[in-house]
Amino acid sequence: MIEPIIRVENLKKTFKVSKRANGLPGRIANLFFPKYEYKKAVDGISFNILQGEAVGFVGANGAGKSTTIKMLSGIIYPDEGNIEIAGFIPYKDRKKYVSNIGVVFGQKSQLSWDLPVVDSFELLRRIYSISDSVYKQNFEKFVDLLDMSSFINQPVRQLSLGQRMRADIAASLLHSPRIVFFDEPTIGLDVVAKEKIRSFIRYLNKEQGVTIIFTTHDMQDIEQTCERLILIDKGHKIYDGSINGLVDAYAYEKKLVVEFMQDYTIDEISDVLINDLEGHSKEFVFNPHKVSVKSVINNLSKYDIVDLTVENMNIERIVRQIYEGEIKL
Amino acid sequence: MSVYFEYIKIAFLNKCTYRVECLLGILSTCLQIFISCAIWKVLYGTNQNINDITYSMVVTNFVLSQGLSKAFSVNDFAIQQKINDGTICNEFLKPVDYRISILATNLGEILFNLIAFFLPTVLITSIFIGILPPSGLINSLLFLLSIILGFIILWLISSIVQMSSFWIINVWSISTIKNVIIGVLSGSLLPLWFMPESVLQIINYTPFDSIYFIPIEIYLGTISLYEIMGCYVRQVIWIIILYSLSRIMWKFGKKRLVVQGG
């Protein structure tokens, strides 16, 4: 039995939110008698993560992902529960603990706005007392892998978002952390920039054995980098397991979209839902565990077909349906 | 330790980016000093001195206290800004003492200010209005020590204002009140020689006069060595009190931290 590197037990955090009344009288009354309500951002989350795992941490906006990441990285104090990461209690041993982790916030840059990227790296080298050889090795590797040579000497304010993000990622990893938290690192990036970041994260996890926790709203990010998925909703953990497992369990829906030569009245096929689409197209929705694609197509062989596409239930759609409450876990 | 020198360096380099700001800063401070001095010249009229205070002493007070107060400008909003845009996360993620890193950043900025801003200001004003030289070598050294202690007091007060942003969202009003109090009670708006005795009694119980006024008195040699030692003791006592207060605020404040956005 391998000891988990991250151990989280019954984590809870509540925020006090001021409650504003509507309208001018309400607002004025509020000024003198402020009302607060308590919002449970994280409500009893537990999980273990092993060394070298890549875990996707997914949830709708406001589900408590970022709050959990902030507690795991020692920035905020949990109200209740235990966290133990690499032998440290993050919020207690913050100064010693943070040298073991790297955190990348997609929305918060840690680079000095007015200075060239290298200057910020130099500062980080001192902050983490990175030895010259390690620094040189990491620096060259990151400049190469993240393709940063063209802008490494430019002031940060002149960088594009994609460039800044890559520089930020490199900045968080210069000290060779064993555990890296990525908090929406691909937010607002184009397809090429996203792909660069994904392949870099894959490299970190597969080649360097770095433990990775990755929050994002782009399910492709997760599919391409992680094997395990933790789903959070309203402060609770609702799924924890392999991505394939989730797809297998909930891919009970397949869609066959068929464009016919003309409008036909299709005979009913048992266990298949038929919807009319625009033009001469129709949609056949069925459960692949019950009905095979072949049998559906066999039923359609008597009609003239122009085009035919099969849509599978992918992780993106499953997660969307979970958010919308269509799938109950 | 070397990490904090790096913070000083980065802050210094950051400051170097803004040349226009620095030039305009020199201009505005010189103007302010010229205006204050013009008013006092009229007030003095034909008098050589008022209550044993000569016009040159008043001018010297203004040049040093206003020049230094501009050079010693500590950003009261440092923590508030980082809390508002959420980048305080990044500070908490580094294996350094956040408060020392703020101090180091301020020192870097102040170092730049002293070289690129305070020295030119003193040079310009001494050419056009003329200031008194320090009253002796020993006094200049004692002045230096006292101004360092004064700066620590100023910094600690600002750090208390900064840390109040753990509790309240906008520290602007606290910062403004602080600046007015320091302006009046430290002698940089009105030299404390001209304050009524009753007000001076009260000021004696505050840390504010030890920021600029005590160092300037040492510079001018208006107080005896014995009194100077007493002033040092007062400065050190205030440093201990303010430091303890800021430590307590830090201890409780960081637990209250709410990180906004994302």
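Predicted model: local features only at pLDDT ≥ 70, side-chain atom pairs only at ≥ 80, totals over all residues.
Chain A comprises 329 residues, of which 35% count as buried. Its secondary structure consists of 11 helices and 13 strands. Taken along the principal axes, the C-alpha atoms of chain A fill a box of roughly 75 × 60 × 50 Å. Among the contacts of chain A with a separation of 6 or more, 69% join residues 24 or more positions apart.

The largest nonpolar core contains 85 residues, and Val55(A), Val180(A), Ile212(A) and Phe214(A) have the most contacts inside it. Helix 6 of chain A, residues 161-173, gives the most to this core, namely six residues. When residues up to four places away in sequence are left aside, Ile212(A) touches Ala54(A), Val55(A), Val180(A), Phe182(A), Ile201(A), Leu204(A) and Asn205(A). Two of these partners, Val55(A) and Val180(A), are also named with Ile212(A) among the residues with the most contacts inside the largest core.

The two chains meet through 22 residues of chain B and 26 residues of chain A. On the chain B side, the elements that give two or more residues are helix 1 (2-16) and helix 5 (88-92). Helix 1 of chain B supplies the largest share of that side, with six residues. By class, the chain B side divides into 11 nonpolar, eight polar and three charged residues.

Helix 1 of chain B also packs on helix 6 of chain B, residues 98-128, at an angle of about 45 degrees and with the axes 7 Å apart. An angle between 35 and 65 degrees counts as oblique, and helix 1 and helix 6 of chain B are therefore oblique to each other. The crossing of helix 1 of chain B past helix 6 of chain B is right-handed. From helix 1 of chain B, the contact involves Tyr4(B), Tyr7(B), Ile8(B), Lys9(B), Ile10(B), Ala11(B), Phe12(B), Lys15(B) and Cys16(B). These meet Ile100(B), Ser101(B), Ala104(B), Thr105(B), Leu107(B), Gly108(B), Glu109(B), Leu111(B) and Phe112(B) in helix 6 of chain B. This helix contact has 12 nonpolar, three polar and three charged residues.

Between Leu107(B) and Asp52(B), the C-alpha to C-alpha distance is 37 Å, and the two residues are 55 apart in sequence.

Helix 10 of chain B spans residues 213-220, and eight of its eight residues are buried, so it is largely enclosed by the rest of the structure. The buried residues are Phe213(B), Ile214(B), Pro215(B), Ile216(B), Glu217(B), Ile218(B), Tyr219(B) and Leu220(B). The elements covering them include helix 3 (55-71), helix 7 (137-163) and helix 11 (225-256) of chain B. Gly221(B) follows helix 10 of chain B and has a positive phi, near 75 degrees.

How values were computed
Residues numbered from 1 in each chain as written. Chains lettered and ligands numbered in written order. Core = buried A, V, L, I, M, F, W, Y, C linked by C-beta atoms within 7 Å. Buried ≥ 20, exposed ≤ 12 C-beta atoms within 10 Å, placed from the backbone. Helix = DSSP H or I, 4+ residues; strand = E, 2+ residues; numbered from the N terminus. Contact = placed C-beta atoms within 7 Å. Nonpolar A, V, L, I, M, F, W, Y, C, P; charged D, E, K, R; others polar. Axes fitted to C-alpha atoms, helices over the stretch in contact; angles between N-to-C directions. Parallel < 35°, antiparallel > 145°, perpendicular 65-115°, else oblique. Left-handed = near helix turned anticlockwise from the far one by under 90°.
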